Amino acid sequence: MKESEVKQRAFAMPLTSPAYPIGPYRFVNREFLVITYRTDIEKLRALVPEPLQVDEPIVKFEFIRMPDSTGFGDYTESGQVIPVSFQGRKGGYSHCMFLDDHPPIAGGRELWGFPKKLAKPTLRAEIDTLVGTLDYGPVRIATGTMGYKHKVADHDAIMASLVTPNYLLKIIPHVDGTPRICEIVEYALLDVNLKGAWTGPAALTLSAHALAPLTDLPVLEVISGTHIVADLTLGLGKVVHDYLK
């Protein structure tokens, strides 16, 4: 293989059989259970990297079903997103993410810098309850529940929440273990088709785990539960802060 061909084909690893295809990445019937809760603001500030800023003691715990996604297939994801601001713009910082499918783990980490680890999340309706669970190996570390479609949510407010900026800390090490890439990446959800959104009573339980420390941001009070179904495209990112320059 000639050097020019290597450079032309080198968008992902492995070179001859990439773990994921080139985008765009479209998601159809993507389903969210988002439980918003209050936590300890000092613990939040200790975990969120500057120059992102924490303005209030809020965390959003998300369970997301993705039954139809370009190149990634059918999978489920879960994790903690922290409302932040960057240069006066409000958005969300993805603190940790757990999912059950290798291509979006590889693509998410390599392209955007999503903090993805392998685990087993689920999201399903059980009679009158929407139930989200997250298992790390054999250990249940999160359970979220919400009354199923109790009240229609405000369409404009949900759309606004879906199209706000999102921020990631992307880290790629050098061959000697030092950081080769260390930067804040901004991305957005594009071409959003909101099919439905509902609210209802919600509850969230987190359990301690050495390798999935969700309880570092303890649940002090559940504020709301939101159930969303939408089609959307995951936009590619841009670097907004480089720690190595």
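The model is predicted: local features need pLDDT of at least 70, side-chain atom pairs count only at pLDDT 80 or more, and totals for chains, interfaces and linings use all residues. Residues are numbered from 1 along each chain as its sequence is written, and side-chain values use heavy atoms, with hydrogens and water left out.

Sheet first. Strands here are DSSP runs of E, at least two residues, and helices are runs of H or I, at least four, numbered from the N terminus. Two strands pair if DSSP finds at least two bridges between them. An open sheet is built from 4 strands, in the order E6-E7-E8-E13, with antiparallel pairing. At the edges sit E6 (120–126) and E13 (202–206), each pairing on one side only. Look at E7 (residues 129–136) and E8 (residues 139–147): 8 bridges join them. Gly132 has Gly144 in E8 as its bridge partner.

Now the rings. Rings of Phe, Tyr and Trp (its six-membered ring) pair if their centres lie within 6.5 Å; planes under 30 degrees apart are stacked, over 60 edge-to-face, the rest tilted. The count is 9 aromatic pairs. Take Phe98 and Tyr136: edge-to-face, 6.1 Å centre to centre, 85° between the planes. Phe98 is in strand E4 (residues 89–99) and Tyr136 in E7, so this pair ties together parts 38 residues apart in sequence. Both residues, Phe98 and Tyr136, are buried, meaning under 20% relative accessible area, with exposed over 50% and partly exposed in between (1.4 Å probe, protein chains only).

What do Tyr25, Phe72, Tyr75, Trp112, Phe114 and Tyr187 form? One aromatic cluster. Phe114 is buried, at 6% relative accessibility.
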